[in-house]
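Please open the structure in a viewer and keep the selection tool at hand.

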Amino acid sequence: MTKTHDSNGLHGEMRILESATEEIRKDLFTDAFAFRPLPPLGDGHALVRRAPWGLGRYTRWLPHAIVVGFTGMVVLGTLSVSTSAGVILALFAGIPLVTTLLRPVGAWWLSIGAAFVSAVVLGAGPWTPGGFVSHLAVMVIVTLRTRPRLAAEMWLITMAFQVFISVARGSGLHTDVFEMSVISGMFLFVVAAVRAMRESKQQVAEQVAVTEVERSRRTVLEERTNIARELHDVVAHHMSVVAIQAEAAPYRVQDTPPELAAAFATIRENAVAALTELRRVLGVVRSENPDAFAAPEAPQPTLADLDALLANVRSAGLAVERVTTGSVRPLPQGVELSAYRIVQEALSNVLRHAPGATARIELSYVLGGLGLRIVNGRPDRLAKPSPGAGHGVLGMRERVTMLGGEMTAEPTDDGGYEVVAFLPVTTGGAAA
């Protein structure tokens, strides 16, 4: 049993080692010298947007200018050292830095190669001052340009390289190697942490945006479901009336011709069949149980019920005024229902988001349909956080779109909010 556990543990450790080796190979060896130019800053970047005097197009190249300027400082600092190999060491320090703009991982390998040549061929030690600064800057840029994981991989290989060079030269491990390892590790840890934090914030922002889109889509679907439920009641009522009238019509006429009686019977059969199919198709959205239609449905509200709605909101503390213009007439039930729901949702939004504000409802009966305007003033105190999704306007738009109307919903100049909608009614489409 002990041997089995030891064997399983060994295999597990081997798999972990193989996985780590594979990740390092993908990060530092696969397409290491691939062409990956550093892109300029985007138009939405804060530095580009805030650049004065129309310098935004030049500010886009600020990261490139910083890298080139820092490279020049390192090269000049290396040339200032009076050695016979000063020019070569300056090139070894500058070329990898500039290469990070085009081939980041390849630049790191160039920096390692330059350190190897300067140590073995030129006898300059594992690192010259300029070489160490250049290599550290290369690792920082590579970490910023790729992924935080590369920071640990580059640091481990760099530390192993330092130990190898020191031992190979016979100088043994000395404090410089330890100090450089600690300094570079601290720098890379901070840079990797900042990069990881920035990526996390970006992912959170993207997730929030996706969630908002999904929430809006779900709200639209829920509102369409509510509309389908209500329209089911409206259409079912009318079809029931057609069936009843078609059944009773032959008894209202003496000596009804057989052809007329057969026509009424056909009308009734078609109305009943349509009502059955309507309940079967649209009834699914009313409940998880499609058979929950035995009980009669409550009548859907119309504009005649606005007085009761206004009484309820007034009792809740909202001062609301109603103004009606035009010739009041009955409208198709779907239009009246949608108009009622729009007013109801708008007033609910005032209660939730504008406490202490006054509201005004305007109904305009015109030749081509019905105009709605619900406007409220500035609230006199902050609104409490609402547990709702905050997408009531989407539901209103769905109802207006269903009827082929138009709607706007936007803040007013005095700090209030205004909802304006027009619900078209075709000629002869008024309810009987």
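Which residues are linked with Arg-373 in a network of salt bridges? The model in view is predicted, and in it the network joins Glu-321, Arg-360, Glu-362 and Glu-418 to Arg-373.

**First stop: inside the network**

Select Arg-373 and Glu-418, which form a salt bridge whose closest N and O atoms are 2.6 Å apart. This pair links distant parts of the chain, for Arg-373 lies in strand β3 (residues 369–376) and Glu-418 in strand β5, 45 residues apart. Buried or partly exposed: how does Glu-418 count? Glu-418 counts as buried because its relative accessibility is 17%, and buried means under 20%. Arg-373, at 26% relative accessibility, counts as partly exposed.

**Second stop: a hairpin**

Remain with β5 and select residues 406–411 together with residues 417–424. These are strands β4 and β5, which pair in the antiparallel sense over six bridges. Within the pairing, Val-419 of β5 stands opposite Ala-409.

How many salt bridges does a search of the whole structure find? The search finds 15.

Select Arg-322 and Asp-307, which form one of these, with the closest N and O atoms 2.9 Å apart. Here too the pair links distant parts of the chain: Arg-322 is in strand β1 (residues 319–326) and Asp-307 in helix α11 (residues 306–315), 15 residues apart. Arg-322 is partly exposed, at 31% relative accessibility.

Next, select Glu-22 and Arg-25, a salt bridge in which the closest N and O atoms are 2.4 Å apart. Both residues belong to helix α1 (residues 2–28); because they are three residues apart there, about one helical turn separates them. Glu-22 is partly exposed at 29% relative accessibility, and Arg-25 is likewise partly exposed at 38%.

**Last stop: a cavity**

The count comes to one cavity of 30 Å³ or more. The largest cavity holds about 110 Å³ of space. Of its 14 lining residues, select the closest to its centre: Phe-92, Ala-115, Ser-118, Thr-128 and Gly-131. The elements that give two or more residues to this lining are α5 (86–99), α6 (104–120) and α7 (129–145). What classes of residue make up the lining? Eight are nonpolar, six are polar and none is charged.

How values were computed
Residues numbered from 1 in each chain as written. Predicted model: local features only at pLDDT ≥ 70, side-chain atom pairs only at ≥ 80, totals over all residues. Heavy atoms only, no water. Pairing = 2+ DSSP bridges. Helix = DSSP H or I, 4+ residues; strand = E, 2+ residues; numbered from the N terminus. 1 Å grid on protein atoms, 1.4 Å probe; cavity = no way out; pocket = protein on both sides within 12 Å on 5 of 7 lines; lining within 4 Å. Points joined across faces, edges and corners; volume = space filled by probe spheres on them. Nonpolar A, V, L, I, M, F, W, Y, C, P; charged D, E, K, R; others polar. Salt bridge = Lys/Arg side-chain N within 4 Å of Asp/Glu carboxyl O. Buried < 20%, exposed > 50% of the residue type's maximum accessible area, 1.4 Å probe, protein only.
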